[in-house]
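Here is a briefing on one protein chain, written for a reader who is meeting its structure for the first time. Please look over the sequence and the structure before reading on.

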Amino acid sequence: MTTSNYHVAVVGATGAVGQQMLKTLEERNFPIGKLTLLSSKRSAGKEITFKGETYIVQEATPESFEGVHVALFSAGGSVSKALAPEAVKRGAIVVDNTSAFRMDADVPLVVPEVNEEDLRNHNGIIANPNCSTIQMVVALEPIRKQYGLTKVVVSTYQAVSGAGLEAIEEMKSQTQSILNEEEFTPEILPVGGDKKHYQIAFNAVPQIDLFQENGYTFEEMKMINETKKIMHMESLEVAATCVRLPIETGHSESVYIETEKSGATVEELKGLLQTAPGVTLQDDPANQVYPMAADCVGKEDVFVGRIRRDLDRDNGYHMWVVSDNLIKGAAWNSVQIAESLVKLQLLS
């Protein structure tokens with residue numbers, strides 16, 4: 001990390017991800033010379049403490065980005081579409097945590113452990129991938145590099161924090177209502193449930209975001225398309241089923257892959273993951289050691305375990321992948337991109 005000091009703006013500073021971004025910037029001691037905290041008009045005026053200093057959150061406007069070097073956005077797609085180009089016009093590099101620009105051909109979609117070099121081709125905006133995509137590609141990249149990859153089938157078990165603070169509160173209130181044998185009316189989940197909302201407490205909801213014409217949800221299509229883009233593998237076969245569970249934080253995934261080269265042993269895959277950047281291997285079935293959502297909260301790494309060969313295909317493998325969706329799935333990956341921009345001398 002350089003000794004230079006940068007003007008950093010955080011858009012959506014009062015939200016769950018924005019708060020985690022600030023915490024991560026502080027923990028990583030990112031070289032901040034000036035910090036600007038931005039939000040909607042409704043949240044403007046709130047006070048936030050960063051490194052012992054109190055900051056007043058300002059309403060985000062185009063003029064807010066004058067002199068900003070890097071702007072971390074996490075305030076919703078409509079805000080990003082309106083203000084990210086304005087920030088770029090004023091010389092800032094935008095790291096956007098929404099889906100607004102992820103599939104734009106001229107916007108790099110970056111997970112530093114996988115495709116850091118793509119940062120060299122940005123035009124002012126860099127997209128942070130979907131949380132569930134990030135943890136999966138971090139786990140798969142070491143295997144892809146060594147043995148190739150032809151197919152990925154993933155089923156997710158996603159925490160409600162991915163749907164925001166209101167979803168967390170709904171889960172908690174529903175849980176209490178059920179325990180008290182009280183009636184309640186679901187109002188939040190599934191997000192994208194434009195026709196109905198369902199109970200999340202003591203339930204599993206197989207819908208995250210809106211259904212598309214092909215029968216997949218938008219969340220599932222994000223995983224499919226983003227994985228191909230990040231890995232530069234348009235021909236990669238990817239299928240996803242995304243499910244919301246009554247867990248506050250931490251996404252889990254059951255991932256099946258088929259490699260281009262067959263014959264790799266489970267121990268060889270474990271060896272690759274043992275030394276892979278951003279990965280913690282937790283795989284000792286004899287002693288019931290495997291990743292769990294409750295254990296990953298507050299941690300930056302992606303946790304991988306339950307690695308085993310498919311019983312019918314020599315090039316097929318199964319694994320279990322877990323990560324904190326607010327940290328590696330959002331805040332840490334965004335800050336990590338900013339660190340990479342400094343490292344690659346792309347932040348002037």
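This is a predicted model: local features need pLDDT of at least 70, side-chain atom pairs count only at pLDDT 80 or more; totals for chains, interfaces and linings use all residues.

**Nonpolar cores**
- The largest nonpolar core has 57 residues, and those with the most contacts inside it include Phe-65, Leu-140, Val-255 and Met-319.
- Helix H4, which runs over residues 131-147, supplies eight residues, the largest share of this core.
- Because domain 1 (6-129 + 330-343) and domain 2 (133-324) both give residues to this core, it lies between them.
- Apart from this core lies another, of 35 residues, with Ile-48, Leu-72, Leu-326 and Leu-347 among them.
- Val-255, when residues up to four places away in sequence are not counted, touches a set of residues including Met-136, Leu-140, Val-152, Tyr-317 and Met-319.

**Helix H1**
- Helix H1 (residues 16-27) has 12 residues and reaches 17 Å from its first C-alpha to its last, which is close to the 16 Å expected at 1.5 Å a residue.
- Among the buried residues of H1 are Val-17, Met-21, Leu-22 and Leu-25, and what covers the buried residues of H1 includes strand S1 (6-11), strand S2 (32-39) and helix H9 (327-343).
- Just after H1, Asn-29 takes a positive phi of about 55 degrees.

**The largest pocket**
- The largest pocket holds about 1400 Å³ of space, and its lining is made up of 45 residues, of which Ser-74, Ala-75, Gly-76, Gly-162 and Gly-164 lie nearest its centre.
- The elements that give two or more residues to this lining include H1, helix H2 (77-89), helix H5 (165-179) and H9.

Methods:
Residues are numbered from 1 along each chain as its sequence is written. Side-chain values use heavy atoms; hydrogens and water are left out. A nonpolar core is a set of buried Ala, Val, Leu, Ile, Met, Phe, Trp, Tyr and Cys residues joined through side-chain atoms within 4.5 Å. Buried means under 20% relative accessible area, exposed over 50%, partly exposed in between (1.4 Å probe, protein chains only). Helices (H or I, at least four residues) and strands (E, at least two) are DSSP runs, numbered from the N terminus. Domain bounds come from an automatic or database domain assignment. Contact means heavy atoms within 4.5 Å. The expected span of a helix is 1.5 Å times one less than its number of residues. On a 1 Å grid over the protein atoms alone, a cavity is a set of points where a 1.4 Å probe fits but cannot get out, and a pocket is an open set with protein on both sides within 12 Å along at least five of seven lines; lining residues have an atom within 4 Å of a point. Grid points are joined across faces, edges and corners, and a volume is the space filled by probe spheres set on the points.
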